[in-house]
Amino acid sequence: MPNDSHQRAAEFHELAAHAHRAAAVHHGKEDHLTGHELSKQAMELSLRAHQASQYAHQKSQEAAQKPGK
């Protein structure tokens, strides 16, 4: 279902945003080691969010091109 794909992509975007905020807090407290690890996690989650968004977009296009739509 295209909506499921979009929901999954949105969840990854929210996880990435949370990790970015957490990293910023740790960097602000000069806890750079933890901040670096959280930044790495945020980057990985951002990549997954991007991939999930591309997949959702592809599924939406496929659904729109099906006969009878």
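Colleague: Which residues does serine 5 touch, not counting residues up to four places away in sequence?

Modeller: A contact means heavy atoms within 4.5 Å. By that rule serine 5 touches Ala52, Tyr55, Ala56 and Lys59 once residues up to four places away in sequence are left out. This is a predicted model, in which local features need pLDDT of at least 70 and side-chain atom pairs count only at pLDDT 80 or more, while totals for chains, interfaces and linings use all residues. Residues are numbered from 1 along each chain as its sequence is written, and side-chain values use heavy atoms, with hydrogens and water left out.

Colleague: Is serine 5 buried or exposed?

Modeller: Buried means under 20% relative accessible area, exposed means over 50%, and partly exposed lies in between (1.4 Å probe, protein chains only). Serine 5 has 10% relative accessibility, so it counts as buried. Serine 5 is found in helix α1.

Colleague: How many helices and strands are there in the chain?

Modeller: Helices (H or I, at least four residues) and strands (E, at least two) are DSSP runs, numbered from the N terminus. The chain has two helices and zero strands. Its radius of gyration is 16 Å, well over the 11 Å that the globule rule gives for 69 residues, so the chain is more spread out than a compact globule. That radius is taken over C-alpha atoms, and the rule is 2.2 Å times the number of residues to the power 0.38. Along its principal axes the C-alpha trace spans about 60 × 15 × 10 Å.

Colleague: What span should α2 have, and what is the distance between its end C-alpha atoms?

Modeller: The expected span of a helix is 1.5 Å times one less than its number of residues. For the 34 residues of α2 this should give 50 Å, and the end C-alpha atoms are 49 Å apart, which agrees.

Colleague: Which residues make up the largest nonpolar core?

Modeller: A nonpolar core is a set of buried Ala, Val, Leu, Ile, Met, Phe, Trp, Tyr and Cys residues joined through side-chain atoms within 4.5 Å. The largest one here has eight residues: Ala9, Phe12, Ala16, Ala19, Ala42, Leu45, Ala49 and Ala52. Both α1 (2–28) and α2 (32–65) supply at least two residues of this core. Alanine 42, for instance, touches Ala16, Ala19 and His20, not counting residues up to four places away in sequence. The buried residues of α2 include Gly35, Leu38 and Ala63. Of the 69 residues of the chain, 20% count as buried.

Colleague: How many salt bridges does a search of the whole structure find?

Modeller: A salt bridge is a side-chain nitrogen of Lys or Arg within 4 Å of a carboxyl oxygen of Asp or Glu. The search finds one. Lysine 59 pairs with glutamate 62, and the closest N and O atoms are 3.3 Å apart. Both residues lie in helix α2, three residues apart, about one turn of the helix. Lysine 59 is partly exposed at a relative accessible area of 26%, and glutamate 62 is partly exposed at 34% relative accessibility.

Colleague: Where is glutamate 30 found?

Modeller: Glutamate 30 is found in the loop between α1 and α2. Although glutamate 30 is not a glycine, it has a positive phi of about 60°. Its relative accessibility is 65%, so glutamate 30 counts as exposed.
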